[in-house]
Amino acid sequence: MIDRTELWIVIIGLGLGSFGLRFAFLGLVGDRPIPAWLMRHLRYTAVSVLPALIAPLIVFPPANDGQPEPVRLTAAAVALAVGFYFKNPLLAMLFGAVTLVGGLYWFG
Amino acid sequence: MNTGDLRSSYLKGLRDGAPFILVIAPFAMVFGVLAKSAGLNVIEALAFSVAVIAGAAQFTALQLMQDQAPTLVVLASALAVNLRMAMYSASLTPYLGHLPLWKRGVVAYFLVDQAYALGIVKYEREPDMTNAERFAYFMGTVTPICPLWYGFTVIGAVVGAQISLETGLDFAMPIAFFALIGPALRTGAHGAAALVASVSALLFAFLPYNLGLLVAALLGMMAGAEIERRSEAA
């Protein structure tokens with residue numbers, strides 16, 4: 001059982017901390033210029049953070065006790081490939097989801 | 001600039017954000033279900049989602065609290081997962097840094113992965129957008145996303161364990177993020193950044209407190225920046 005005081009400390013602390021992280025540059029740097037070398041790194045934020053966040057979830061899915069699992073790997077590859085070729089996130093999600101649900105249904 | 005432009009920017013954001021309903025809803029519901037099974041009531045689960053609006057951090061905090069980790073470790077780990085938000089904030093600052101402070105505060109509160117990924121691609125492609133149009137577009141993207149995040153957390157917490165997680169719901173988030181990455185891979189430098197970050201995330205997965213994510217993200221950004229620098233010098 002989670003202690004109630006601890007729970008609310010975490011909810012409020014995590015809320016304030018997350019807002020602080022999100023506000024850090026937008027709020028405090030504002031319209032002051034950002035050095036070119038830093039901008040060059042920031043341009044690759046999305047394409048670095050998102051893959052780093054999901055790569056372990058795809059290769060070691062918690063729902064499969066952290067073991068690689070072919071249906072999930074295939075669904076991820078399909079979503080990536082469709083997104084890359086058609087530049088359309090919705091299409092990529094649909095193909096990925098259909099692959100996953102279909103694959104789990106047939107082989108699950 | 002007239003209000004018609006703002007309206008059209010807002011509607012474009014709304015349209016671009018709408019597909020994420022398909023993944024936000026199940027993902028939020030999974031959080032609600034797990035929160036309930038961890039002993040949280042509906043109000044507590046909702047407070048979590050309203051205060052934090054960041055799935056990965058919420059799952060991390062919930063898991064660690066169930067494992068009886070010390071409160072400071074729970075906070076540090078979950079905030080480490082959210083450190084990417086600071087990178088998003090920095091990356092959007094050239095485009096949104098000129099807005100009034102309260103609008104920057106609003107953007108900061110709603111700065112979720114999907115809104116960031118949609119916004120940054122839009123702003124890079126259309127450098128002529130005004131600050132007000134960028135803000136309107138951003139608010140459009142979060143309109144279908146954030147309220148559903150709250151709402152489906154509540155539904156999950158009410159419905160509880162009647163929903164089985166074996167159906168592939170666990171994979172809604174990875175699929176959604178992959179769908180965002182594909183369209184963002186516009187140059188070789190972007191591809192290299194994504195590849196380096198993915199491989200590094202697997203190699204550094206053993207690091208505690210999700211620090212592997214940060215190490216991998218930084219390595220990916222350095223790879224992208226270095227390739228861009230070399231291709232410009234060449």
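# Exercises on a predicted two-chain model

B:S37 is partly exposed, because 14 other C-beta atoms lie within 10 Å. The model used in these exercises is predicted.

**Exercise 1.** Find where B:S37 sits in chain B, and state how far B:S37 is from B:Q114 in sequence and in space.

Solution.
- Step 1: B:S37 belongs to helix 2 of chain B, which covers residues 21-37.
- Step 2: The class "partly exposed" lies between buried, at 20 or more other C-beta atoms within 10 Å, and exposed, at 12 or fewer. With its count of 14, B:S37 is therefore partly exposed.
- Step 3: Along the sequence, B:S37 and B:Q114 are separated by 77 residues. In space, their C-alpha atoms are 27 Å apart.

**Exercise 2.** Describe the domains of chain B and the side of domain 1 of chain B that touches domain 2 of chain B.

Solution.
- Step 1: The domain assignment divides chain B into domain 1 (3-165) and domain 2 (185-234).
- Step 2: Between the C-alpha centres of these two domains of chain B the distance is 23 Å.
- Step 3: Eight residues of domain 1 of chain B and six residues of domain 2 of chain B form the contact.
- Step 4: On the domain 1 side, helix 5 (71-81) and helix 6 (83-96) of chain B each give two or more residues. Helix 5 of chain B gives the most, with four residues.
- Step 5: By type, this side of domain 1 of chain B has five nonpolar residues, two polar and one charged.

**Exercise 3.** Work out which elements of chain A touch chain B.

Solution.
- Step 1: The contact between the chains involves 68 residues of chain A and 84 residues of chain B.
- Step 2: Two or more residues come from each of helix 1 (4-28), helix 2 (36-42), helix 3 (45-59), helix 4 (70-86) and helix 5 (89-107) of chain A.
- Step 3: Helix 1 of chain A supplies the largest share, 19 residues.
- Step 4: The chain A side consists of 49 nonpolar, twelve polar and seven charged residues.

**Exercise 4.** Decide whether chain A is more spread out or less spread out than a compact globule.

Solution.
- Step 1: Chain A has five helices and zero strands, in the order α-α-α-α-α from the N terminus.
- Step 2: For 108 residues the globule rule gives 13 Å, but the radius of gyration of chain A is 20 Å, so chain A is more spread out than a compact globule.
- Step 3: The C-alpha trace of chain A spans about 55 × 45 × 20 Å along its principal axes.
- Step 4: Of the 108 residues in chain A, 45% are buried.

Methods:
Residues numbered from 1 in each chain as written. Chains lettered and ligands numbered in written order. Predicted model: local features only at pLDDT ≥ 70, side-chain atom pairs only at ≥ 80, totals over all residues. Domains from an automatic or database assignment. Contact = placed C-beta atoms within 7 Å. Nonpolar A, V, L, I, M, F, W, Y, C, P; charged D, E, K, R; others polar. Rg over C-alpha atoms; globule rule 2.2 N^0.38 Å.
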